[in-house]
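This briefing is meant for a reader who is meeting the structure for the first time.

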Amino acid sequence: LDDPRRLKVIRGGLPDRELDEELQRIVRAAASTAGFPVALVSLVMRRVQFFRAYVGLPTELELSRSTDRGASFCQYVVSTNQPLEVPDTHAVLDERPELVEAFGLRAYFGLPLEVEGQVVGTLCLLDFVPHEVDAEVRPELEALARQAEARLERLVADPLRARRQLYRAVQPAFWELRN
């Protein structure tokens with residue numbers, strides 16, 4: 001998870017508080033396709049997972065758009081580069097992670113997202129009741145994950161976007177210096 005090459009790809013312009021409409025469309029389609037209330041494009045970073053796109057998040061998570069990496073199921077998808085399905089968290093976990101307890105999460109399904117040869121995060125689905133992903137919708141979800149990967153690749157490849165992000169980040173400091 002802490003591979004410097006993987007983290008460098010993420011720092012290359014993927015985290016952005018501005019919502020990306022294409023990624024938003026993908027998570028809406030994933031939630032609708034699988035019948036899950038929550039869908040995310042999650043970037044698993046050094047200490048946190050950041051929700052680059054989302055639909056259906058509880059208010060607290062929507063405001064923060066991140067959680068501690070150690071409390072996530074997505075970390076397992078990233079570390080193994082394999083899909084992960086947990087149809088009922090209560091059936092498989094003796095000790096429930098903080099997120100499961102705090103938000104009542106009962107089901108998880110995640111697919112790895114690869115950018116520049118590095119697994120950077122997941123397209124994942126969450127539910128508040130036990131829920132399995134139907135076998136017939138898995139190919140559609142995999143296709144949506146490939147679309148998310150393609151969009152993330154384009155975001156990393158856009159050098160002007162990275163400069164705009166940097167400018168937005170430092171602009172308040174320069175404004176303070178001028179005043």
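Helix 7, which covers residues 138–157, has 20 residues and reaches 29 Å from its first C-alpha to its last, close to the 28 Å expected at 1.5 Å a residue; the expected span is 1.5 Å times one less than the number of residues. The model is predicted, so local features need pLDDT of at least 70 and side-chain atom pairs count only at pLDDT 80 or more, while totals for chains, interfaces and linings use all residues. Residues are numbered from 1 along each chain as its sequence is written, and side-chain values use heavy atoms, with hydrogens and water left out. Helices (H or I, at least four residues) and strands (E, at least two) are DSSP runs, numbered from the N terminus.

**The buried side of helix 7**

- Among the buried residues of helix 7 are Leu-141, Leu-144, Ala-148, Arg-151, Leu-152 and Leu-155, where buried means under 20% relative accessible area, exposed over 50% and partly exposed in between, with a 1.4 Å probe and protein chains only.

**Nonpolar cores**

- The largest nonpolar core has 34 residues, and Leu-23, Val-41, Val-120, Leu-123, Leu-125, Leu-141 and Leu-152 touch the most other members; such a core is a set of buried Ala, Val, Leu, Ile, Met, Phe, Trp, Tyr and Cys residues joined through side-chain atoms within 4.5 Å.
- Helix 7 gives the most to this core, with 7 residues.
- A second, separate core of 19 residues includes Val-38, Tyr-54, Leu-105 and Cys-124.

**Cysteines**

- The count of disulfides is 0, a disulfide being a pair of cysteine sulfur atoms within 2.5 Å.
- The sulfur of Cys-124 is 3.8 Å from the closest cysteine sulfur, in Cys-74, which is too far for a bond.
- Cys-74 is buried at 3% relative accessibility, and Cys-124 is buried at 1%.

**Salt bridges**

- The structure holds 8 salt bridges, each a side-chain nitrogen of Lys or Arg within 4 Å of a carboxyl oxygen of Asp or Glu.
- Glu-22 pairs with Arg-151, with the closest N and O atoms 3.6 Å apart; Glu-22 lies in helix 2 and Arg-151 in helix 7, so the pair ties together parts that are 129 residues apart in sequence.
- Salt bridges that share partners join Asp-20, Glu-22, Arg-151 and Arg-154 into one network.
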